[in-house]
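Hi there,

Here is the structure I promised to pass on. My notes on the ligand and the cores follow below it.

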Amino acid sequence: MNKNNNPDVIIAGAGLTGLTAAWHLGKMGLEVVVLEKNNRPGGVIQTFREDGFVFEAGPNTGVLSHPEAAELFEELGDLCKLEIANPDAKRRLIWKSGEWQALPAGLISAIKTPLFTPGDKLRIFSEPFRPKGTDPFETLERLVLRRLGRSYLDYAVDPFISGIYAGDPSKLVTRYALPKLYALEQNYGSFIGGALRKKFESVDERMKKATKDVFSAEGGLSSLTDGLAAGIGAGRIVLNAENTIVNPHKEGFRVNYRTGGHSFEITAPYVVSTVDSQILPGLLPFLREQDHSDITQLEYAAVTQVIMGYKNWKGMELNAFGGLVPSKEQRDILGVLFTSSFLNNRAPEDGALLSVFLGGCKRPGLADLEEDKLKALVYKEIQEMLRVKDPEPDIFRIFRYKRAIPQYGRSSEKRLKAISNIENKYSGLVLAGAIRDGIGMADRIRQAKNIAEVIAKDKAAKI
Ligand SMILES: Cc1cc2nc3c(=O)[nH]c(=O)nc-3n(C[C@H](O)[C@H](O)[C@H](O)COP(=O)(O)OP(=O)(O)OC[C@H]3O[C@@H](n4cnc5c(N)ncnc54)[C@H](O)[C@@H]3O)c2cc1C
């Protein structure tokens with residue numbers, strides 16, 4: 001029997017989720033086939049090397065927020081080397097009234113910062129005594145106004161949410177979008193009290209690997225996805241797979257696809273989808289229309305990333321992770337990463353590599369601007385905000401994502417219920433990717449590892 005025609009698991013999508021799941025499944029001894037519609041693995045992760053610059057089209061960095069992320073790099077060994085950002089990455093700047101202010105990192109700076117009003121700074125002392133929320137669907141905006149105050153919403157949470165979700169705190173539901181923050185209030189009754197108590201709680205060795213460290217991979221994030229692809233084995237990844245359709249079958253699932261002008265049919269007891277919610281109706285045509293509509297209600301933020309590389313930087317000192325722009329300030333960019341200041345070898349010596357972000361849920365039109373207008377706007381913003389006389393860079397690249405970041409809002413309850421119902425009804429089918437379990441790279445790595453473990457256990461139980 002050709003194992004490639006009857007693998008244990010078929011995975012749709014060779015992004016970080018699909019590749020990580022395939023890597024773990026392979027290590028657990030399962031036969032896997034990954035079907036990828038694109039002509040390369042990696043999904044939105046794509047690193048370019050040009051003229052002394054190393055830059056990303058999609059994500060630039062992640063946070064090692066789950067032990068699974070650190071462990072994946074350990075396991076990959078020589079296939080890919082983890083790169084931890086240098087300490088500059090701990091410094092975050094926020095734009096207020098025409099200048100950058102460092103986000104406070106300690107008590108003194110928290111008292112001195114002009115970012116928050118004196119009233120809200122005083123109010124912070126009563127935070128541990130405020131009652132905890134009772135609405136499980138409370139938005140982030142309402143939670144922050146209830147516990148912290150308007151200036152913390154405008155000058156900390158709003159820009160932070162722009163940086164992570166390109167989102168709107170008035171639409172994101174805390175329980176789904178920031179589950180750790182939700183749990184902090186629910187379990188400890190207070191952010192401050194919870195954070196302090198957690199410091200003294202014992203943490204097992206494995207959980208210590210979950211940190212706030214900012215990571216990339218040496219040579220760029222494609223080294224991670226290429227390393228995974230190499231470890232999985234090229235024969236197990238089918239590129240340019242078109243018209244992939246999954247249907248239930250006596251063996252579990254039958255998957256039809258086309259590549260290189262030929263049609264193929266393979267079967268497997270397990271199928272894992274890692275694709276965007278909008279692709280699901282075509283991939284899984286046998287599901288009820290109601291299930292599809294509950295899942296496709298998930299909204300995504302449109303984001304445009306502009307890469308600017310300078311061989312000789314003559315603007316302000318870039319000794320930070322980057323700058324975030326609160327929506328209240330009404331500038332045209334969401335923020336800018338000073339990538340070369342915290343990652344190695346991203347720009348020539350004396351040069352700088354910047355990633356500028358536009359659009360998001362609050363200003364989607366800016367992500368769509370035609371190239372000339374976009375260029376003029378970004379030059380103007382960079383000139384004024386990073387104090388550079390001549391903003392024209394040596395390299396300028398635009399990467400647009402109409403559906404960049406899923407927004408875990410009120411519709412999440414229905415979506416997660418639909419996913420769980422489908423998985424219960426069609427045993428062996430797993431709906432994964434960023435449609436659930438978090439939007440960051442570490443979330444994707446953790447989810448993929450969990451899925452691999454569940455499938456391996458289920459298969460072992462059936463033997
Ligand atoms: C612009 C941008 C910036 C980001 N910034 C950060 C960041 O700073 N930090 C962070 O942690 N995360 C960030 N993220 C999120 C992070 O990149 C993602 O969570 C992660 O890379 C998604 O991986 P994935 O495999 O789930 O999805 P994807 O990378 O989207 O992979 C899905 C794959 O499925 C394939 N596919 C689609 N349809 C089919 C089909 N019918 N058949 C077969 N294959 C199909 C696609 O071609 C793709 O390769 C960012 C994302 C974007 C877009």
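**Around the ligand**

The ligand is surrounded by 26 residues, of which Thr-17, Glu-36, Thr-61, Ile-439 and Met-441 are the closest (a residue counts as near if one of its heavy atoms lies within 4 Å). Please keep in mind that this is a predicted model, where local features need pLDDT of at least 70, side-chain atom pairs count only at pLDDT 80 or more, and totals for chains, interfaces and linings use all residues. Residues are numbered from 1 along each chain as its sequence is written, and side-chain values use heavy atoms, with hydrogens and water left out.

At Met-441, a polar backbone atom is 2.7 Å from an oxygen atom of the ligand (polar contacts are pairs of N or O atoms within 3.5 Å). The protein buries 84% of the 1,000 Å² that the ligand exposes when taken alone (Shrake-Rupley areas, 1.4 Å probe).

Strand E19 (395-407) supplies at least two shell residues, as do helices H1 (16-27) and H17 (441-462); the largest share, three residues, comes from E19 (helices are DSSP runs of H or I with at least four residues, strands runs of E with at least two).

**The core**

Leu-284, Leu-429 and Leu-431 have the most contacts inside the largest nonpolar core, which has 55 residues (buried Ala, Val, Leu, Ile, Met, Phe, Trp, Tyr and Cys joined through side-chain atoms within 4.5 Å; buried means under 20% relative accessible area, 1.4 Å probe, protein chains only). Helix H6 (residues 150-165) gives the most to this core, seven residues.

Best wishes

Definitions and conventions
Buried < 20%, exposed > 50% of the residue type's maximum accessible area, 1.4 Å probe, protein only. Polar contact = N/O pair within 3.5 Å; in protein donor to acceptor, adjacent residues only side chain to side chain.
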